[in-house]
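This briefing is meant to be read with the sequence and the 3D structure at hand. Please follow the topics below in order.

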Amino acid sequence: MTALLEGEDLTVRFETDDGPLTVFEGLDVQVEPGEFLTVMGPSGCGKTTVLNALAGLVPLERGTVRYDGEAIEPGEFSYGYVFQEPRLLDWRTVAENLAFALRGAGVPEAERGSRIETWLDRVGLADEADSYPRELSGGMRQRVGVARALAVDPEVLLMDEPFSSLDDVTGRGLRRDLLELWGETGKEILFVTHDLREAVTLSDRVLFMDAEGAFFDEAEIPHDRPRDFDDPALGETERRLAERFFAELG
Amino acid sequence: MRRWLRVLVTLLAFLLAWQAGALVLGPELLPSPARVAARLAEVLAGTGPRDRGALYHLGRSFARVAVVTVLGLALSTALGLAMGVDDRAERVVAVWLPLWMTVPTLVVVLVSMVLLDFSEWAVVAGVTFVATPFATANVWEGARAVDPALLEMARAFDVGRWDVLREVYLPATLPQVLGSVRYLLGMVWKVVVLAETFGLDEGLGAMFRFWFNQGDVTAILAYLSLFVVVMVALQYGFGAVSDRLLAWQG
């Protein structure tokens, strides 16, 4: 099967006061059509930079990005981005925050209202269209972030630890909702996390990154869907992968 | 204590102190509030020098203040934002800003009056020159503090430069812009009156000079009361507008 989104020989280096810092070098990543792929690794290993490099938000020193088999400029494919923090405009209402992204995506004005309504409804925030972000809870703000990313109707959803700052109950609810939305929309998701249980619950496949920014292992997650966060079988898979993962990381 | 009650108590305390001062110093040096109020009613109702009433002179000063405030605000917002957005603009203007801020107000007003032949434009140019750098520095600080995470979000959603300026930079720096307006309103009034005192025949400053030359302290204080009432009303009115515009801060 041809990968939908592919990064080949990706190399990112930043200039720092102490000289050049290599985040990763010669990295390959492929997201298959309809796949939920997770990049898992310890904090600071460069997981987020993988997303940002594909999205064209950080410059590549070397490497090729392909979409549907064709070489493209990084970021020149249809994606929606859900960040670790919601990154909302505090001075705009929830609906206006979505409109901001829709305008960027070139969605005609006449279509924006119905899209905003649809996606706020899908994430359970239909009544909050006129609220300001500061009036919402952390979980609700993150839902706005998810709605904003989906409202632009992207082919690929890039998600950077979107539930890591939420409490356990809110995080579980949002993960369940995300899986439902993914099932309904069939979009490819490239997800980043440092939480193995989250990776196992959500993903089709997990790529493991070490502290030097190299993929050292990958695992298919064979469990049927829908998945239950508390399913003991998932717990067993998590335990098995943790042994592999942490043995490698030392 | 309620706000209006606080204002009333402050006003009463001020009038009492004034009355006490008038009793100690005598009416020649410090006329009582009642005498000044009676004189104020006279200058408001009747005509003063050059067959013009106090309201005419107030109007002249007010027009100058309005023009300079709008000009100063436009210039400082444009310069401050440009410095926040563009490194080159920042490098060029930042070099001049300290110099621009340290030129004494009095010198600028005098030089402007001489260069522009004591015309209307001499006041406008001189006061704008004096007021703009402080407001620029203020807006620049605000633009520098714009959250880079929001700018990255805007890039991820492919939002255009103009929309980023309008939807991110301007609202994010609105507290600083409004602070600049408050500052400009206060500063511009004072410097306009100063400039009028030096070299113009119309406006509140010209009236201060005229009545000073006549040795009429009561008339000076009557005009001064008018000036202060307008200043305070403007500041209060602006405060209400400002609170409304920043309602999203909660």
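Predicted model: local features only at pLDDT ≥ 70, side-chain atom pairs only at ≥ 80, totals over all residues.

How many bridges join strand β4 (residues 62–67) of chain A to β5(A), and do the two run parallel or antiparallel? There are three bridges between them, and the two strands run antiparallel.

- Strands of chain A form an open, four-stranded sheet in the order β2-β1-β4-β5, with antiparallel pairing.
- Because β2 (19–31) and β5 (70–72) of chain A stand at the edges and each has a single partner strand, one side of each is left without a neighbour in the sheet.
- From one strand to the next, the twist averages 35°.

**Helix α4 of chain A and its surroundings**

- Eleven of the 14 residues of α4(A) are buried, so this helix is largely enclosed by the rest of the structure; among the buried residues are A:R141, A:R143 and A:R148, as well as A:V144, A:V146 and A:L150.
- The buried residues of α4(A) pack against β6 (79–82), α2, α3 (109–122), β7 (156–160) and α5 (168–185) of chain A.
- At 1.5 Å a residue, the 14 residues of α4(A) should span 20 Å, which agrees with the 20 Å that separates its end C-alpha atoms.
- Just after α4(A), A:D153 takes a positive phi of about 55°.

**The packing of α2 with α4**

- The axes of α2(A) and helix α4 (residues 138–151) of chain A come within 9 Å and cross at roughly 35°, and the crossing in which α2(A) passes α4(A) is right-handed.
- On the α2(A) side the contact is made by A:V94, A:N97, A:L98, A:A101 and A:L102, while α4(A) supplies A:V144, A:A147, A:R148 and A:A151.
- By class, the residues of this contact of α2(A) with α4(A) divide into seven nonpolar, one polar and one charged.

**The side of chain A that touches chain B**

- Between the chains, 17 residues of chain A are in contact with 16 residues of chain B.
- Helix α2 (residues 94–104) of chain A gives the most to the side of chain A that touches chain B, contributing four residues.
- That side of chain A has eleven nonpolar, one polar and five charged residues.

Notes:
Residues numbered from 1 in each chain as written. Chains lettered and ligands numbered in written order. Contact = placed C-beta atoms within 7 Å. Nonpolar A, V, L, I, M, F, W, Y, C, P; charged D, E, K, R; others polar. Axes fitted to C-alpha atoms, helices over the stretch in contact; angles between N-to-C directions. Left-handed = near helix turned anticlockwise from the far one by under 90°. Pairing = 2+ DSSP bridges. Expected span 1.5 Å × (residues − 1). Buried ≥ 20, exposed ≤ 12 C-beta atoms within 10 Å, placed from the backbone.
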